[in-house]
Amino acid sequence: MTPRPVSANRRAALAAGAGIVFGALAFGGTPAATQAIETVAAKIGEVDDDIRRFCSNIADAARDRRYALQQAELEKLQQDIDKRIAALEEKRAEYQDWLTRRNDFLAKAEGNLVEIYSRMRPDAAAERLAEVNVELAAGILMKLQARQAGIILNEMDSKAAATLTGIMASAARRQDPT
C-alpha cells in the first residue's frame with residue numbers, strides 16, 4: 001500500500017498540533033493547553049479517518065494487482081516446466097534413435113554372412129573385414145565366437161583392429177556411450 005500524499009495544509013496543521021502538544025506537556029495542563037490538545041487530537045482523528053477511507057478505497061485494486069502478479073508468476077513457472085518437458089522429450093527421442101541405430105547395426109551382421117566369415121581363414125577374413133564398412137565389420141566380429149574374432153583381430157592392422165574394438169565396445173554397452 002502506498003502512502004497518500006499529505007497536503008501542505010495538513011502537514012502544517014500536524015506540525016502545529018505536535019508543537020502545541022509538546023508545549024502543553026512541557027508547561028503543564030492549562031485550559032488553553034488542554035483545548036489545544038483536544039483540537040490536535042481531533043485533527044489527528046480526521047487524518048486517521050482519511051487514511052482509513054483511502055486504504056479501504058484501494059483495497060480491491062491492491063488485491064487485484066496481487067492476484068495478477070501471482071498469475072504472472074504461475075504462467076512463468078508453467079513455461080519453465082514446459083521447456084523442461086520439451087528437453088526431456090528431446091533427450092528421450094535421442095536415446096530412442098541411438099537404440100534404433102544399435103539394433104540396426106547388430107542386424108547388419110545377421111544371416112549367412114557371419115557363417116561365411118566364420119569358415120574363412122583368419123588372415124583372409126582380417127583382410128576382407130578391413131575393406132568393408134567398419135560398422136558391418138564390427139557387427140560380424142561380434143557375432144563370431146570370441147576365439148575366432150580374436151584371431152581375426154590379431155591378423156588385422158593395429159589401427160583397424162583398434163577402431164573395430166572401439167565400435168564393438170560401444171555397441172556392447174546397454175547405455176548410450178555419449
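Which residue forms a salt bridge with Arg63, and how far apart are the closest N and O atoms? The partner is Asp60, and the closest N and O atoms are 2.9 Å apart. A salt bridge is taken here as a side-chain nitrogen of Lys or Arg within 4 Å of a carboxyl oxygen of Asp or Glu. The model is a predicted one, in which local features need pLDDT of at least 70 and side-chain atom pairs count only at pLDDT 80 or more, while totals for chains, interfaces and linings use all residues. Residues are numbered from 1 along each chain as its sequence is written, and side-chain values use heavy atoms, with hydrogens and water left out.

Arg63 and Asp60 are three residues apart in helix 2, so about one helical turn separates them. Helices are DSSP runs (H or I, at least four residues) numbered from the N terminus. Arg63 is partly exposed at a relative accessible area of 32%, and Asp60 is partly exposed at 46%. The classes are buried (under 20% relative accessible area), exposed (over 50%) and partly exposed (in between), with a 1.4 Å probe and protein chains only.

A search of the whole structure finds seven salt bridges. Among them, Arg92 pairs with Glu89 at 3.3 Å, N to O. Both residues lie in helix 2, three residues apart, about one turn of the helix. Arg92 has a relative accessible area of 48% and is partly exposed; Glu89 is also partly exposed, at 42%. A further salt bridge joins Arg121 and Asp123, with 3.3 Å between the closest N and O atoms. Arg121 counts as exposed at 57% relative accessibility, whereas Asp123 counts as partly exposed at 37%.

The largest nonpolar core contains 20 residues. Such a core is a set of buried Ala, Val, Leu, Ile, Met, Phe, Trp, Tyr and Cys residues joined through side-chain atoms within 4.5 Å. Leu129, Leu141, Leu144, Ile152, Leu153, Met156 and Leu164 touch the most other members. At least two residues of this core come from each of helix 2 (31-108), helix 3, helix 4, helix 5, helix 6 and helix 7 (158-172).

In helix 4 (residues 122-131), the buried residues are Ala124, Ala125, Ala126 and Leu129. Their cover includes helix 3 (112-119), helix 5 (134-143) and helix 6 (146-155). Contact means heavy atoms within 4.5 Å. With residues up to four places away in sequence not counted, Ile152 touches Tyr117, Pro122, Ala125, Ala126, Leu129, Leu141 and Leu144.
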